[in-house]
Amino acid sequence: MAVVVILVLLAAGSVLFHLLSPWWWTPIASNWNYIDNTLIITFWITGFVFVAVVLFMAYCVLRFRHRPGNQAAYEPENKRLEGWLAMSTTVGVIAMLAPGLFVWNQFVTVPAEATEVEVVGQQWLWSFRLPGADGKLGTSETRDVAPENSLGLNRNDAATLDDLIIEGGELHLPIGKPVKVLLRSVDVLHDFYVPEFRAKMDMVPGMVTYFWFTPTRTGTFEILCAELCGVGHPQMRGTVVVDTEADYQTWLAQQQTFSQLTASAGGSSTAATADASSAQ
Amino acid sequence: MVDVRSGIGEAVPPAEVEDVELYHPHSWWTRYVFSQDAKIIAIQYSTTAIAIGMVALVLSWLIRLQLGFPGTFELIDAERYYQFITMHGMIMVIYLLTALFLGGFGNYLIPLMVGARDMVFPYANMLSYWIYLLAVLVLAASFFAPGGPTGAGWTLYPPQAILSNTPGGRDWGIILMLSSLIIFIIGFTMGGLNYVVTVLQGRARGMTLMRMPLTVWGIITATVMALLAFPALFVACVMMLFDRLLGTSFFMPAIAEMGEQLEYGGGSPILFQHLFWFFGHPEVYIVALPAFGIVSDLISTHARKNIFGYRMMVWAIVIIGALSFVVWAHHMYVSGMNPYFGFFFATTTLIIAVPTAIKVYNWVLTLWRGDIHLTLPMLFALAFIVTFVNGGLTGLFLGNVVVDVPLSDTMFVVAHFHMVMGVAPILVIFGAIYHWYPKVTGRMLNEALGQLHFWVTFLGAYAIFFPMHYLGLVGVPRRYHELGDASFVTDSVHSLNAFISVAALIVGAAQIVFLFNLVWSLRHGREAGGNPWRATTLEWQTPETPPPHGNWGKELPVVYRWAYDYSVPGAPEDFIPQNQPAPGRMSHEAAS
């Protein structure tokens, strides 16, 4: 009997924990509430199955536990029942997969009007690059990383010179405009993760990865690294600020271009190298 | 209703080969140490696996102390923390679970359950164990090597695995880890080929494939999968070892580490991830399928009822095994691979839910209208179903590509895989040990200690891993030595972490009760007799318990029926052993 009671309590307790506990996701700040919705559908379907299976087991233990004189039934197979269960499982799986793939299609289809922003990861800081007046990001190469060029930008590419560089600072984004985030790493794997945006993606040295989203709420959000990148992994933090259009323009006007930065840096070693070694 | 007790009353085929002469040990050393008896090898495998598993248990305590009470224990700095999680993960997955299920249970049960005298290549079988032991020693040596063990995470992702900001990256840690894996795979291959050939060629007369107990089906399918999957890990380890030692760049692109250019260039970090998970996903089922098989037999025996839908169960095992080779990239949805792969891998992953669900239905339908004896093996089987269903269902979150995006790399993933391939299979291992210990030693394990062990382990493990999902939902990333400040790191997150840690310490301590029981019952356990559970399968029908070298005495058993003749209407008892002839044909067939 103890077994029956504990199984029932376990099922009920799990449901109550889900409904009453204070641990729930952070308020969303992007367009990916579709993801949240799919997650909720999945919670309902799986929660129902879990409770049903555990309660059925509890019932079996209660009803068919051994008593003197009991004999089990002899029924090797039941084609109809097995077929029916397989079919209803398939339906449940489709009910989760279909919305999932539908939303994934949106996730991988970057809107044409999305503006590009580059995020560069290195142990253990975040840097950002925005296209300059030409609206294009210039090319880059890990091989070009040097003390005065910590992002490895291509000096011979005209598109690079007017790119805006933010090393170790805050990234600002305007509200309501889709952004395509281009992700690059110059050393190991990292992962650009802002819990409020829901989306995340690994950054892989030697390639450019991406995802897109639209910020829907102004505020200051913390960037975390979500792919183990060495002993400083938990300390790799950054900040992204979602601004109103006016605030964003004010901020944008204060940023320095690549050519301004290299000119002002002159002979002295750059801030990035100093940051990197102090983080060690 | 179809009669799956196929061919009761069919003539038993004549022996195709002569009974073989086994190697006769000449001394204590060849009998108990360098033994070629699969049962001794099984005990050696199990003891070694449990011993190194205890190291992993202590590591898990240290991990939880740090997560629950950050900053309290100076000893656990970031470097050590990453070394602990890496070694904990690798030990549990490879050196404990894989070795115990295949090397331990496989060796003990396959020859006995199919009615063979031993594995077909006893010498290679012996070598398999000693090579496994060497792999364990090499792995353990890294704790004492300069720089300590690797802290790359159990997934060993390059480039960081072999770079200087990861513990052991430029020291001995990663070299010993990769070497140990290579040695393990060599040893496993010797054992694995043995299990496959024994099942295909060494079965007793009358033991058709579709009469084999599901335990054998689970172990053998897992073995075939391991033989196909481990080579991917093998080449990945060799290549990474070359990258580390010879300066090749299989997995290493151009890298500027702390502003300094390294000599590497042109390689692909994602290639490693594909190789790793081409092994790593089947690995999940290499651990799960033997558990599926064993738990089916535990439920059937202790509910005194045939397993429901035997043929469906066999096909589900085989289909899950096959499908598990085409789902690997669901571990890589946010790895930066071409995002269109997501459509394919999400679909294959969710398809695998169907045969898996069928197995769950058939387990609970076996309970339905059964005669359920709440023995320790049955309790562990019930607990397995609860935790496996829980962990399997959260797999539907992570497999469904878009839902994975916010949850990937968070504590949700940690909770999911611990529930589904940690807690669930380990509960089966416990159930199986309580079930077969009487056959191995001739004595029963102590019931009271077993009850204590069961309840603390089951409810404690659930209390650890069920709430942990919600930490991930909140946004807590995995592999964080300390959380620091973030919007989602509230006081309640810290309290929950502390609660989980306390539960983990208690559950760990309960395992000491279990170990004590294993040792204590060797001498003081109740005498078990040959078939204490009144089970049908062949291992319970040996002339002697524990079975001696050669298992069967003079005559090999002959099999007349499937493994699940429990509560057959009209039979004098509620079980009919597989080697019991159909009524009326007894004298005729025994003579043939």
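## Exercises on a predicted two-chain model

An open sheet in chain A holds 5 strands with mixed pairing, in the order β4-β10-β9-β6-β7. The model is predicted.

**Exercise 1.** Find the edge strands of this sheet in chain A.

*Solution.* Step one: recall how strands join. Strands of a sheet pair through backbone hydrogen bonds, either parallel or antiparallel. Step two: look for strands that pair on one side only. These are β4 (170–174) and β7 (200–203) of chain A. On average, neighbouring strands are turned by 25° against each other, direction ignored.

**Exercise 2.** Describe how β4(A) pairs with β10 of chain A, and name the helix that packs on the sheet there.

*Solution.* Start with the pairing. β4(A) and β10 (residues 238–243) of chain A run in the parallel sense, over 5 bridges. Then pick out one pair: His172(A) stands opposite Val241(A) in β10(A). Helix α5 (residues 245–253) of chain A touches β4 and β10 of chain A. Its direction makes about 140° with that of β4(A).

**Exercise 3.** Explore the largest nonpolar core.

*Solution.* First, its size: 281 residues. Second, the residues with the most contacts inside it: Met57(A), Phe380(B) and Ile385(B). Third, the top contributor: helix α3 (residues 78–114) of chain B, with 24 residues. Last, follow Phe380(B). Leaving aside neighbours within four places in sequence, its contacts include Leu427(B), Tyr434(B) and Phe454(B).

Technical notes:
Residues are numbered from 1 along each chain as its sequence is written. Chains are lettered from A and ligands numbered from 1 in the order in which they are written. This is a predicted model: local features need pLDDT of at least 70, side-chain atom pairs count only at pLDDT 80 or more; totals for chains, interfaces and linings use all residues. Two strands pair if DSSP finds at least two bridges between them. Helices (H or I, at least four residues) and strands (E, at least two) are DSSP runs, numbered from the N terminus. Axes are lines fitted to C-alpha atoms, for helices over the stretch in contact, and angles run from 0 to 180 degrees between N-to-C directions. Two residues are in contact if their C-beta atoms, placed from the backbone, lie within 7 Å. A nonpolar core is a set of buried Ala, Val, Leu, Ile, Met, Phe, Trp, Tyr and Cys residues joined through C-beta atoms within 7 Å. A residue is buried if 20 or more other C-beta atoms lie within 10 Å of its own, exposed if 12 or fewer, and partly exposed in between; C-beta atoms are placed from the backbone.
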